[in-house]
Every structure is written in structure tokens, then in C-alpha cells.
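Open the structure in your viewer and keep the selection tool ready. The stops below go residue by residue.

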Amino acid sequence: KRYGGTWQRCLFTLGLSWLVSSFPLVVPSAPPQLSVASTSPTDIRLVWQPLTSQHSRGAVTRYRVDYSALDQKDTVFSVELRGNETQFTLRELRPNQVYRLRIAAGTAVGFGVPSEWVQQQTVVLIFAPSELKVRTRVTTLNVTWQPSPNHTLVSGYKLSYREAETDRFTTRDRTPHTHTIRLRKKARHHLLTGLVPDRQYEVRVWAFDKQKDGAAAVWKGRTDKIHGRLKEPDVSVQATANSSTSVWLRWEKPRFINVRIINYTVRCSPAGTTNASLVSYYTSSSLEILLRGLRPFTHYELAVRSNGVNIAGPFSSTVVEATLPDRPSTPPEELQLRALNSSSVLVSWRPPLEPNGIIVSYRILYTVNLSEPEDEWRNLSEDGGIFSVEVRGLSGGTRYFFKVGASTKVGSGPFSPVVDIQTPLPTYELDIHAVTGIIVGVCLGLICILLCMCFSFRNSKPRSVFTLYACFLF
């Protein structure tokens, strides 16, 4: 009875000190590691890694993202996210604007210290060219335009054209091919030749820089009709794609002529070309010819002329036919790697120079052992319109090897040269507050035990000593 209250108070103090030091009700001791990148003129993407249990000090239930324009630091916006999120995209931002961003993790008690401010500029918006005008003729379109309002930022222009409407005879249920032409920065006009008369076309012109394409100006219209009597002979010419490198060309013998025909001359050139060196001529003594050695997935303009003795007739009207697609003959270009953190890498590339068709998918292979067989590499697949991917789940402080290949509906092309990258080591920080709490709790507990033992031995009662020992064991 004499010492019962003392032992109870002693044990209560010891237990309370241990609980406070072992399970502190505090906020996270460190912020998440943040990576940011601008994905469009109005978006910024944020990616972070979850905190370790040492830094979180409990279950992370939410994150808070703070951001503001660099020229408006007093106006800070905040967005709260769930604790299971690891990425977020800020939208509806201003193009070509520098923003500062930071992130903080929070438990049920509150938010911890935020990360340092990081700055990111949104992508520069390239406006569409102005005053796009097209002058139509029977087989040509003369395209003119004025430069974009921010033309000093552009590297050049691109012009594309395609048939906006087609009939079954000319395309045989195949998707019309889009021709894309790359032009200089100073270009303000371009002449499209070798077009089909009285056909609907869509023309697009846009500027580009080293990283992206800008908005496009669009024109739709028809080429002119042929008026009056043709001076060409009454010859029916028909072309049929035979393979990715050959086309069958067949025609009928001209009617209503008194000259004996000894052979025919066939003219073949890539559609829209103005380079005479790209025009080829073939001779045939029959009413058909198989044109070989052509480029895959390319439109060709074809015409036929009949030849007599010491006399030659005019060429027939031009027909256009495309070779069939093939697998890419060159790999994707400009493969680049960038470590986002210790466990993820951003992989980006450019399309092949010779795709030989529409790219339907890209295949990304990566490994830590360059001598492994290709079928043992880890792989990812992306749609043909995607040119970057974030590879996650990597090991920190490890060297990885990457390569990328492209595929059309026919098959896969060659892979790019291997590029390697070393992922950074994960960073660990000592939780000073938690360690200090544990040390203080243990010290207080030991002091309480020593004081109780001193009082017990001072009174020199064996029964009391036994009671203290039993309570301590309990």
C-alpha cells in the first residue's frame, strides 16, 4: 500500500513516454520528389513518387499542389488530390507563360512541409498561317498564305493535301493518301501539280518549330473541269497496284487513226513532282506493262503515248495510282531518354524517314543486359500517333538499354540504334524528429526505472523489491 501509488505513477509515465516517442501524431517530414513538364501550350504535367513510411509518419491521405504565374506570385492557386495519386495535369493555363509549382503531402493531422518551388514554362503556341488562298486549275492548285503572327518562332512550314472525296474506281476502297511537303521558313506559296480534274481536295498549311507543329489553316475545294474537246487520242488507260514496288498499267489501242503503231511509250513520275530527273520512260510493244522498282506507298502519275514510224502521238490523260504499303525500311529517328526519377524514364522518338505506309504502332524494347536475346527484352507497345512514353517500375542506380521499332499493317521495320541511360539512386533522408522522439522516450523510461529501484533499495524491504521486479516484468 505504501508504494502502490508510486509504482502506478511510474509505470503510467513510462508507458506514456514510450507511446509518444513511438507513435507521434505529426505531419510528413519531407515533401514528395516532384517532376514537371509542359505537354501542350495550356497544360503542365506533374509526376511524383509516394513517400516512404519513414517520411510519411503515417498514412498519406492527400496531396496539395500549389501553383502561380511567375509574374503573379501573390496569387497562388491550390489543388487537393487523393493520397493514391502520383500524377496530375494542370489545364487551361496560358501559353508561353512561366509558372512556379510545388507539392506537399498530408496525413489526417495536416500537411507537411512543401517542396521547393520549381519553374516550368508552357509550350509556345504557334498560330495558323493567315490568308490561306488557293487558285484552282484543271490539274493544279496554286497555294498562297501569309506568315503566322508569331512567325519569328517557327522553323518552317508544312503543306499537306489529299482527295477529300473519292469514288470506288479510283481508290478501290482504299483510304486516300495524304501527301505532306516540308517548306522553308520564307515560303509563302507552293504549286501542287498532277491533280485529277474536277476532284475535291483538302489542303492544309501549318508552321512548325524544333519541337512541335502549330495550328493548321485548312482549304477545301475542287479542281477545274475540262472544257472543250481533248486533243489527246481516244485511249483508255487503267492502272492497278501489283505490290509495294510495282504497278500494272493497261490501255486500249487508239481508235480512228491511220498510222500503224509499232510500240508505246509510258511516262511515270511521283505525283506532284516538278523535278524532271524523277520522270521515267518505258517502252512496250503490247497493251500492258508492269512498272517495277517503284517506292512503296507512293502515288505515281502515269500516261501512255503511241508511236508510229518516224512519228509519235501526244500523251494520254494522266492517271494516278499508288503502290501498296510495305513494312518500314528505316527505324524511328532521334531516340531520346530522360530520367524522371529513380524508377521511371521518359522515352521519345520521331517517325521513320521511310515509313512505307501508315505507322500503326511503335514497339519499345528495354533491358539491363545488352547481351540478352531480343525476345527476352521487356517491351511496350504504343499507338502509331504516339511519340513518347513513360517507362515505370525501373530500379534506381541501374543502367538500362532502349530501342524503338515501327510497324505498318504489313509488318515491323528495323529497330533504332540502342541508347542507354543510368537511372539515379533513390534518395533517403534520416527522420530527425522521429529518432529524437524515440531517444527521449527511452531515456525517460530508463530514468523512471532507475529512480524506482533506488527508492526500493533504500527502504531495504525484500517484499517491496520483489513487488517492483514483478511489476517491471509485467
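Is Asp-66 buried or exposed? Select it: Asp-66 is buried, at a relative accessible area of 3%. The cut-offs are under 20% for buried and over 50% for exposed, with partly exposed in between (1.4 Å probe, protein chains only).

A note before moving on. This is a predicted model, where local features need pLDDT of at least 70, side-chain atom pairs count only at pLDDT 80 or more, and totals for chains, interfaces and linings use all residues. Residues are numbered from 1 along each chain as its sequence is written, and side-chain values use heavy atoms, with hydrogens and water left out.

**Stop 1: Asp-66 and Arg-102**

Asp-66 and Arg-102 form a salt bridge, with the closest N and O atoms 3.1 Å apart. The term means a side-chain nitrogen of Lys or Arg within 4 Å of a carboxyl oxygen of Asp or Glu. Asp-66 sits in strand 3 (residues 62-69) and Arg-102 in strand 6, 36 residues apart, so the pair links distant parts of the chain. Strands here are DSSP runs (E, at least two residues), numbered from the N terminus. Arg-102 is partly exposed, at 22%.

**Stop 2: Asp-43 and Arg-91**

Select Asp-43 and Arg-91. Their side chains meet in a salt bridge at 3.0 Å, N to O. Asp-43 belongs to strand 2 (residues 43-48), while Arg-91 is in the loop between strand 5 (87-90) and strand 6 (98-106), so the bridge ties together parts 48 residues apart in sequence. Asp-43 is buried, at 10% relative accessible area. Arg-91 counts as exposed, at 56%.

**Stop 3: Glu-374 and Lys-403**

Go to Glu-374. Its side chain meets that of Lys-403 in a salt bridge (2.9 Å, N to O). Glu-374 lies in the loop between strand 25 (361-367) and strand 26 (378-383), and Lys-403 in strand 28 (residues 399-407). The two are 29 residues apart. Glu-374 is partly exposed, at 38%; Lys-403 is buried, at 11%.

**Stop 4: the network**

Now select Arg-162, Glu-202, Arg-204 and Lys-220. Salt bridges link these four in a network. Across the whole structure, a search finds 16 salt bridges.

**Stop 5: Arg-222**

Finish on Arg-222, in strand 14 (residues 213-222). Arg-222 is partly exposed, at 35%. What does its side chain reach at 3.0 Å? The backbone oxygen of Asp-198. The Arg-222 side chain also makes a polar contact with the side chain of Gln-200 (3.5 Å). A polar contact is a pair of N or O atoms within 3.5 Å; within protein, one must be able to donate a hydrogen and the other to accept it, and residues adjacent in sequence count only if both atoms are side-chain atoms.

Definitions and conventions
Helices (H or I, at least four residues) and strands (E, at least two) are DSSP runs, numbered from the N terminus.
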